[in-house]
Amino acid sequence: MEIQNLNPDKWVDLYADYLFNYAVTRVSDAEIAKDLVQDTFIAGLKSAKNFKGDAAERTWLIAILKRKVIDHYRKANSKKGKAEVRMSYSSQTDAEGDWIEERIADPNSNFENDLLENEELGLAIQNCISKLPKKQAEVFTMKTIQGMETEDICNALGINASNLWVMIHRARTSLMGCLNQNWF
């Protein structure tokens, strides 16, 4: 597929809202999300000649946006200049807290009959996530809520897989305690 099959003049009308919603759930900052969407459109224009038509136009733009989000986290992480801390933990407790991911509010869920209760639980979980240390919240959100691959998260945040799983374990444990105290 050649560039004339792309329709950049309509990208803002057709895809801006979708791309913004995608970005804001990953960076939790509306201004950064707007910048990432704008960067995505610019990158799309610059690389339009490489568009092969193997995917839909929106899918292609989302792929560009995903890379922009990862680059955002890489850039933010590299500015921190913090040393990596290596830790070991017992994998026997790795499953502890898995129920949290299963209970995140999904308004389309067939398992929840009470929409209000589902929404309140979602808000309680988001409140508890906001109380986590920033890096734990980022890792938990990227892995559990956004479903990103371990390798992509590690590359984006400059951590190794062991660090990632330690942070997820700690986040789950903290979230379980927070929810037990504030929700159940």
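**View 1. The structure holds 1 disulfide (a pair of cysteine sulfur atoms within 2.5 Å).** The model is predicted: local features need pLDDT of at least 70, side-chain atom pairs count only at pLDDT 80 or more, and totals for chains, interfaces and linings use all residues. Residues are numbered from 1 along each chain as its sequence is written, and side-chain values use heavy atoms, without hydrogens and water. The sulfur atoms of Cys128 and Cys178 are 2.1 Å apart. The link between Cys128 and Cys178 is left-handed, with -80° about the S-S bond. Helices are DSSP runs (H or I, at least four residues) numbered from the N terminus.

**View 2. The largest nonpolar core has 34 residues.** Such a core is a set of buried Ala, Val, Leu, Ile, Met, Phe, Trp, Tyr and Cys residues joined through side-chain atoms within 4.5 Å. Leu19, Leu61 and Leu65 have the most contacts inside this core. Helix H3 (57-80) gives the largest share, 8 residues. Leaving aside neighbours within four places in sequence, Leu65 is in contact (heavy atoms within 4.5 Å) with residues including Leu19, Tyr22 and Leu36.

**View 3. Helix H6 covers residues 134-145.** Its 12 residues reach 15 Å from first C-alpha to last, close to the expected 16 Å, which is 1.5 Å times one less than the number of residues. Among the buried residues of H6 are Val139, Phe140 and Met142. Gly147, which follows H6, has a positive phi near 75°.

Methods. Helices (H or I, at least four residues) and strands (E, at least two) are DSSP runs, numbered from the N terminus. Buried means under 20% relative accessible area, exposed over 50%, partly exposed in between (1.4 Å probe, protein chains only).
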